[in-house]
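Please keep the sequence and the structure open while reading this note.

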Amino acid sequence: MLEFDGLTKSFGANQVLDGVSFAVQPGSMFGFCGSNGAGKTTTMRVAMGLVAPDGGEVRWQGRALDQSARRRIGYMPEERGLYPKMKVAEQVAYFARLHGMDGRAATTSAGEWVERLGLGERRNDAVEKLSLGNQQRVQLAAALVSRPEVLILDEPFSGLDPIGVDSLAEALLDQARAGVPVVFSSHQLDLVERLCDSVGILARGRMVATGTVDELRRREAGRLLRVVVPDAGPQWADAVPGARVVSEQAGDTILELSDGADDQSVLAAALRTGRVTHFAWQQPTLVELFRGAVAAPTAEEVAA
Amino acid sequence: MSEPRTLSSTALVRLVAAREISARLRDKNFIISSVVILVILLGLLGFQVAVGSGENETRVGVVGSSAQLEQALQAQGEALDTDVVVVDLDDEAAAREAVEAEDVEGALLAGESDPRLLVQSSDGFVEALVGGAVTQLAVAEQLTAAGITDLAAPEVAVEALDPDADADEQKILVALIGAALLYTLLILFGQFVAQGVVEEKASRVVELLLATMKPWQLLAGKILGLGVLGLAQIVLIAGVGVGGAIAFDIVDVPGDLIGTAVSVIAWFVLGYALYASIFAVAASLVSRQEDLNTVIMPLTLVLAGGFIVGVQAASDPDGTLARVTSFVPGLSPLVMPVRQAAGNVAIWEIGVAVVLMLIAVALVVRLGGRIYAGALLRTGGKIKMREALTAER
């Protein structure tokens, strides 16, 4: 199991991580969401030893990660990085060797991955001559080439076209099926929802929600109400006690009801605006869960 | 396929160094600069050979030569400090041709009762040479004719006040070439190190590298790899230079030349260790190649200053400036070898300079290593040294 346990970190006065904890089971995929600046990259950099945490640690199979354990992790940084003038296959082989493979195994494995990711014809080209999408594939090959025990990928899908997204998703699912825990961050929440066994939502340096997508749904279920009132003004629901507007678009409104709030009073308010074309409890999408989790500081955050 | 294993620091440093070497060997700029340095050196050698031979050889054509005449010409040549080569010619026509073709500097028509000297234009040197020889020969013949065979002329004993003047001059020249070589290679390889550091920062590959190794391992691999190349290059250049100089007989005392070459190589190692570390640390403060010049400019100025002092030290190896700067770490690699070659330096002086240099290297590696580690993952603009030192990773 890969465990992130109580990570804290501040840069000067800026508290970036404030007790980030979550665990990833072998063979499962963990999607890491959060707005920009929420602390996702810092969390991953802590795991890779690039940032020293003020508190907490990251454990793999019960042991805190050290340099030799990190060599067993495949990593893709948010800022992609390769030697621009080095040839594709050679470069991938170099990273295999840095991860501890010996010369021949590194070359063989690099050749296989380059082939598998569709870069066979470009294997002797300098990386700088490749398109961005292909460079991204080289980056992935560099992360996968040493047959890592753990994968940590920062925004692996950004900048890929839909076909690239599909082939990367397939490659990651392969890894997960082979028993590798995969952690990746992404802003493409539909993708996270589709691929991931569990999800963590990070806001202002805290994990505001973790669990499987279903768990999160259940936690939120019965609280979100979708009402479509085409004739209503934008603030039609503001006066309803216990209801908070999550989103509103041309009368298509998602409302969050606090415990004990009466859904019938919402319906009454809706009917007062004119026609009601839709009124139902909502199965929230991850996007909505995300908005709900990230939008407002929780009570204890405000107190802190 | 074997299972991945744990890597020792040595193995990591070696991997990094091997990559640096193979990347440089395929870099056109590196190959070109190496070739240019060698060509300049060979050119210098060739020039020395050409100038040397022009000074030391005089070709004289003779029609109707005799053994005595040849001997007299050669004796005269010795007195005038030139090697006389006598070219036998058949007749006057051949002599005229040879002079006009500049195959010989003058042609003596000796068969006639009144010897004549043909020259392209009147040239005092050949005239004195030939004239002296003919006169000497005539005097000897007339003395023999008069029955005087064993003329006791007193021989002049020569006492040289500065017997090594020539050798000294050569030592200074060699020292200057050595200093120029040190200066060029230190700047060249310092720049290579700096560019390498910035390349890794600019392309962000450094983040992937640091996920597998510590900053000092990366730095050590880079400096060692390029250092091996630099050392190979200076040894090659010194080998070609020394070998060529000895083969073409340019130097009088080969032992001195070899000694100087060895000390230049040793000082290169020390100088490189210091400057490569400083260049690397300076380069780690910027994120783009365009900004590199602003941080390494002061360093190249220090190196240029050291070179100028070194040149000055060649003519005044025992002056105060040369003495003091030959101990200053950073300047000593450019001044001390010149002093060693051109003057008299006590062993203890060399020892002190070396120890000071080693202390400086240790300090730079310790402090610089922290700056380097702190600055590597920070991008955007130029980082202040203090920020990098206190940077929390």
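**Notes on a surface patch and a chain contact**

1. Start with the surface of chain B. A nonpolar patch there is formed by B:Ile32, B:Val36, B:Ile40, B:Leu44, B:Leu173 and B:Ile177. Together these residues have about 500 Å² of accessible area. Bear in mind that the model is predicted.

2. Which helices supply the patch? Helix 2 (28-56) and helix 6 (165-202) of chain B each give at least two of its residues. Helix 2 of chain B has the largest share, with four residues. B:Ile32 is found in this helix 2 of chain B.

3. Now turn to the contact between the chains. Chain A brings 41 residues to the contact, and chain B brings 29 residues. The area buried between chain A and chain B is about 3300 Å². Carbon and sulfur atoms give 54% of that area. On the chain A side, the residues that lose the most area to chain B are A:Leu50, A:Gln67 and A:Tyr83. Together they make up 20% of what that side buries.

4. Next, the polar side of the interface. Ten residue pairs are in polar contact across the interface of chain A and chain B, with both residues at pLDDT 80 or more. Several elements of chain A supply at least two residues each to the side that touches chain B: strand 1 (2-11), helix 2 (67-70), helix 3 (88-98) and helix 4 (103-116). Helix 3 of chain A gives the largest share of that side, five residues. By type, the side of chain A that touches chain B divides into 16 nonpolar, eleven polar and 14 charged residues.

5. Side chains of opposite charge can pair when their charged atoms come close. How many salt bridges are there between chain A and chain B? The count is three. In one salt bridge, the side chains of A:Arg45 and B:Glu207 meet at 2.9 Å, N to O.

6. Finally, the whole structure. A search over all chains finds 27 salt bridges. Why does the pair of A:Arg45 and B:Glu207 join two chains? A:Arg45 lies in helix 1 (residues 40-47) of chain A, while B:Glu207 lies in helix 7 (residues 205-210) of chain B, so the pair joins two chains.

How values were computed:
Residues are numbered from 1 along each chain as its sequence is written. Chains are lettered from A and ligands numbered from 1 in the order in which they are written. This is a predicted model: local features need pLDDT of at least 70, side-chain atom pairs count only at pLDDT 80 or more; totals for chains, interfaces and linings use all residues. Side-chain values use heavy atoms; hydrogens and water are left out. Patches are made of residues with over 30% relative accessible area and no salt bridge: like charges are joined within 9 Å, nonpolar side chains (Val, Leu, Ile, Met, Phe, Trp, Tyr) within 5 Å. Accessible areas come from the Shrake-Rupley method with a 1.4 Å probe; for residues, only the protein chains shown count as cover. A salt bridge is a side-chain nitrogen of Lys or Arg within 4 Å of a carboxyl oxygen of Asp or Glu. Contact means heavy atoms within 4.5 Å. Buried area is the accessible area (1.4 Å probe) that two parts lose on being put together, summed over both. A polar contact is a pair of N or O atoms within 3.5 Å; within protein, one must be able to donate a hydrogen and the other to accept it, and residues adjacent in sequence count only if both atoms are side-chain atoms. Ala, Val, Leu, Ile, Met, Phe, Trp, Tyr, Cys and Pro count as nonpolar, Asp, Glu, Lys and Arg as charged, and the others, Gly among them, as polar.
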